Amino acid sequence: MNRSKIIGATALATVMTAGAAQAEMSIGGFVEGYLNDGGNGMSQAFGTNSLYVSYSDSLDNGMGVSAAMSIYSTNILTAVSIDTGMGTVSLGNNRDSAVDKNDSNPACFSLGACGGAELGAFNDGDTVSGNSIGYSNSMGGLNFMITRGMEGANVDPVMSYAVGTSIMGASVKAGVSSIDYKDSTQDIDPSFITASYSIAGLDLGYGMYDNDDGNEETTMGVGTSMAGFDMGIQFASLDAGTDKDMTEISVNKSMGAMSFGVDYTDTDVAGTETGDSENWRLYYIIGF
């Protein structure tokens with residue numbers, strides 16, 4: 001991690017805490033890397049190295065306000081949230097679409113990224129939204145979020161909606177983004193639904209991601225803990241122009257500030273051996 005960024009964040013924390021006796025300030029971050037073997041020799045890479053600074057305080061009228069800064073690679077992203085007492089308004093250049101914020105895959109048990117579909121790129125509306133403006137609230141047992149993207153050269157402002165609730169002990173989330181283009185590009189309304197449930201020491205997960213363009217993926221998985229290890233298996237099936245199936249087995253071990261994980265992934269392309277693959281990956285994550 002870049003030493004100058006840490007020094008800068010520490011200085012920012014000192015200034016902000018000095019001027020706000022009742023404010024809260026926190027700094028955290030992590031480094032994620034992995035060793036990969038896909039059958040053509042071993043390689044290594046960084047997944048991410050990130051630093052997070054967050055600050056929260058109360059306004060004179062009782063509203064809450066918070067700011068979060070994410071520093072990774074060469075990017076500095078800032079998010080501002082205002083708790084109005086009747087929901088939270090979110091601004092800044094680090095505002096995900098409502099779908100992107102809620103579509104994490106509960107069937108995935110890897111230490112690596114578990115966001116959205118595994119085999120086909122799920123269009124969650126985030127990229128074409130730009131810097132979204134968001135509103136979130138909880139009401140009647142429902143947690144919901146709405147975001148509005150910015151107008152682009154060939155796309156109207158993207159509206160994205162997501163809702164989550166608990167049904168008989170199961171956590172359920174669903175969402176849809178409305179992406180309308182100004183040119184001849186086909187308008188789409190990609191959607192997702194996920195569900196997770198824990199019973200008898202087992203964590204069950206399900207996800208369905210529909211791009212509304214003939215690309216739909218379904219994934220299911222089960223995980224548990226045994227002898228100090230977390231482990232799980234995931235099955236994913238992509239229904240598209242070229243169908244694919246995937247099996248992924250994950251075994252993880254937390255050692256406090258550092259965690260390790262091993263993934264074995266077997267991908268099968270329907271009707272051909274071209275594109276079939278077996279992959280081993282060793283993750284390591286250090287957080288603070």
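A charge sits over a ring if NZ of Lys or CZ of Arg is within 6 Å of the ring centre and within 35 degrees of the ring normal. Keep that in mind for the exercises below. This is a predicted model, where local features need pLDDT of at least 70 and side-chain atom pairs count only at pLDDT 80 or more, while totals for chains, interfaces and linings use all residues. Residues are numbered from 1 along each chain as its sequence is written, and side-chain values use heavy atoms, with hydrogens and water left out.

**Exercise 1. Charges over rings**

Task: Find the ring under the charged end of lysine 253, then the ring under arginine 281.

Solution: 
- Step 1. Start from lysine 253: its charged end sits over the ring of phenylalanine 229, 5.3 Å from the centre.
- Step 2. Now go to arginine 281, which lies over the face of tyrosine 34, at 4.0 Å from the ring centre.

**Exercise 2. Two stacked pairs**

Task: Take the pair of phenylalanine 30 and tyrosine 52, then the pair of phenylalanine 192 and tyrosine 209, and work out how the rings are arranged.

Solution: 
- Step 1. The structure holds six aromatic pairs.
- Step 2. Phenylalanine 30 and tyrosine 52 are 6.2 Å apart centre to centre, with 20 degrees between the planes, and the pair is stacked.
- Step 3. Strands here are DSSP runs (E, at least two residues), as are helices (H or I, at least four), and both are numbered from the N terminus.
- Step 4. Check the cover. Buried means under 20% relative accessible area, exposed over 50%, and partly exposed in between (1.4 Å probe, protein chains only). Phenylalanine 30, at 23%, is therefore partly exposed, and tyrosine 52, at 33%, is partly exposed too.
- Step 5. For phenylalanine 192 and tyrosine 209, the ring centres are 6.4 Å apart and the planes are at 15 degrees, so this pair is stacked.
- Step 6. Phenylalanine 192 lies in strand β10 (residues 191-199) and tyrosine 209 in strand β11 (residues 202-210), so the pair ties together parts 17 residues apart in sequence. Phenylalanine 192 is buried at 3%, and tyrosine 209 is buried at 2%.
- Step 7. Finish with the cluster: Phe122, Phe192 and Tyr209 form one aromatic cluster.

**Exercise 3. Two alanines with positive phi**

Task: Look up phi for alanine 200 and alanine 227, and say where each residue lies.

Solution: 
- Step 1. Most residues other than glycine have a negative phi.
- Step 2. Alanine 200 is not a glycine, yet its phi is positive, about 50 degrees. Alanine 200 lies in the loop between β10 and β11 and is exposed, at 78% relative accessibility.
- Step 3. Alanine 227 also has a positive phi, about 55 degrees. Alanine 227 is in the loop between β12 and β13 (229-239) and counts as exposed at 70%.

**Exercise 4. A buried loop residue**

Task: Is asparagine 211 buried or exposed, and which residues does asparagine 211 touch?

Solution: 
- Step 1. Asparagine 211 lies in the loop between β11 and β12.
- Step 2. Its relative accessibility is 5%, so asparagine 211 counts as buried.
- Step 3. Not counting residues up to four places away in sequence, asparagine 211 touches Ala121, Phe122, Asn123, Ile188 and Pro190. Contact means heavy atoms within 4.5 Å.

Terms used. Rings of Phe, Tyr and Trp (its six-membered ring) pair if their centres lie within 6.5 Å; planes under 30 degrees apart count as stacked, over 60 as edge-to-face and the rest as tilted.
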